[in-house]
Amino acid sequence: HLIKTMSYPQGTGEFISTLPERKGWAEPLIQYKDFWFRRLPLEQILLLQDAMEPRADDIILATQPKCGTTWLKALAFAVTNRSRYSFTDDHPLLTTHPHRAVPYIEIPSPGTDHAHRHLEALPSPRLLATHMPMSLLPLHAGSRVVYLCRDPKDTLVSKFYFERRISETSDLSMDSAFSMFCDGFSSSGPFWDHCLEYWKESLARPNNVLFLRYEEIKSDPVQVVRKLAAFLGVPLTQEEESSGAAQEVVSLCSFEKLTSLQINQVGGVDRGNRLYVGNSMFYRKGEVGDWMNHMSHEMGEKLDRIVREKLQGSGLVF
Ligand code: A3P
């Protein structure tokens, strides 16, 4: 059994201490290869560049935090496991938080230290999630990636409330969250660069990278379930179409259903440093356009303008 060595001879911790660090959100973020990360995932990202063995049949759900990761995890889990469980009785999503049902590549599950060792033990095909930018993701050429993005204004508002909730000591203001986000300073950000990498890859390799939007799922979830199933190589059959399988996936994963389940109401993970991420904190309003209730019209216009300029010429618009 070979233990692979790290690519950073100084040691990951020492290497990280040479990188730029900036405070402002609930946890300080560290800049690596032009993106910002929390320390723990960054350590894992550095380790798994060498240690992770990507598989051709991996399915990877990629997002930036607050773009609808929890929802996408639930939907993709329900779609890919639909022949194994009934939607009503024994479905794991009735008793398992979507974040437990689909592990992150770079965030170790509670009680484990190295995320990738746990991943190696998973049977194929693996359903995995990540907030990593495409350029840092160890990928097999055959694996499929589903990217989910969201209007940056709603993403920022969602992030603002989440960051305040997880930190016992938070004095974060909307103004300061806004200016950090506009500056490209957010976990996995700059927001636009993260979107852009996956967007370009989805154009270059449409059979391997599917680009979705939160707003699109909100407006026609059944159609997105069909699209997801087809993209993942398990299209809905005629029989499933007539029995309403897509509708069942949608209602099992709906905001109303998930928030009604005990597993999504209690429990959580202590991150230390007076940070506690409760299972319920991944659900707030689940709406499109809620930014209007928390940001001024001028702020919205400013953020839109920045994002538009950054994405100019790419064909990607919000
Ligand atoms: P809001 O804060 O705007 O309500 P993530 O899962 O990436 O952390 O994103 C969290 C956001 O997705 C939150 O947005 C949350 O309410 C929303 N969300 C979580 N589950 C959802 C679901 N089943 N349907 C719609 N939105 C959902």
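Q: Which residue in S3 does isoleucine 30 stand opposite?
A: Isoleucine 30 stands opposite phenylalanine 37 in S3. Keep in mind that this is a predicted model.

Q: How many bridges pair S2 with S3, and in which sense?
A: Three bridges, in the antiparallel sense, with S2 covering residues 29-32. Another pair across these strands is glutamine 31 with tryptophan 36 of S3.

Q: What about the hairpin of S2 and S3, which residue takes a positive phi there?
A: Lysine 33, with phi near 45°. That hairpin has two residues between the strands.

Q: And the hairpin of S1 and S2, how many residues are between the strands?
A: Six, and glycine 24 there takes a positive phi near 150°. S1 and S2 run antiparallel and are joined by two bridges. Glutamate 21 stands opposite isoleucine 30 of S2, so isoleucine 30 faces glutamate 21 in S1 and phenylalanine 37 in S3.

Q: In what order do the three strands sit in the sheet?
A: The order is S1-S2-S3, in an open sheet with antiparallel pairing. S1 (21-22) and S3 (35-37) are the edge strands, each with a single partner, so one side of each has no neighbour in the sheet.

Q: Which helix packs on the sheet?
A: Helix H2, residues 39-51, which touches S2 and S3. The direction of H2 makes about 30° with that of S2.

Q: Switching to S5. In which sense do S4 and S5 pair?
A: Parallel, over four bridges, with S4 spanning residues 59-63.

Q: Are the residues of S5 buried or exposed?
A: Buried, on both faces of the strand (residues 127-130). Leu127 and Ala129 lie on one side, Leu128 and Thr130 on the other.

Q: Now helices. At what angle do H10 and H12 cross?
A: Roughly 110°, and their axes come within 9 Å. H10 is residues 221-231 and H12 is residues 245-252. The two are therefore roughly perpendicular to each other.

Q: Is that crossing left-handed or right-handed?
A: The crossing of H10 and H12 is right-handed.

Q: Which residues make the contact?
A: From H10, Pro221, Val222 and Val225; from H12, Ala246, Gln247, Val249 and Val250.

Q: How many of those are nonpolar, polar or charged?
A: By class, the contact of H10 with H12 has six nonpolar residues, one polar and no charged ones.

How values were computed: Residues numbered from 1 in each chain as written. Predicted model: local features only at pLDDT ≥ 70, side-chain atom pairs only at ≥ 80, totals over all residues. Heavy atoms only, no water. Axes fitted to C-alpha atoms, helices over the stretch in contact; angles between N-to-C directions. Parallel < 35°, antiparallel > 145°, perpendicular 65-115°, else oblique. Left-handed = near helix turned anticlockwise from the far one by under 90°. Contact = heavy atoms within 4.5 Å. Nonpolar A, V, L, I, M, F, W, Y, C, P; charged D, E, K, R; others polar. Pairing = 2+ DSSP bridges. Buried < 20%, exposed > 50% of the residue type's maximum accessible area, 1.4 Å probe, protein only.
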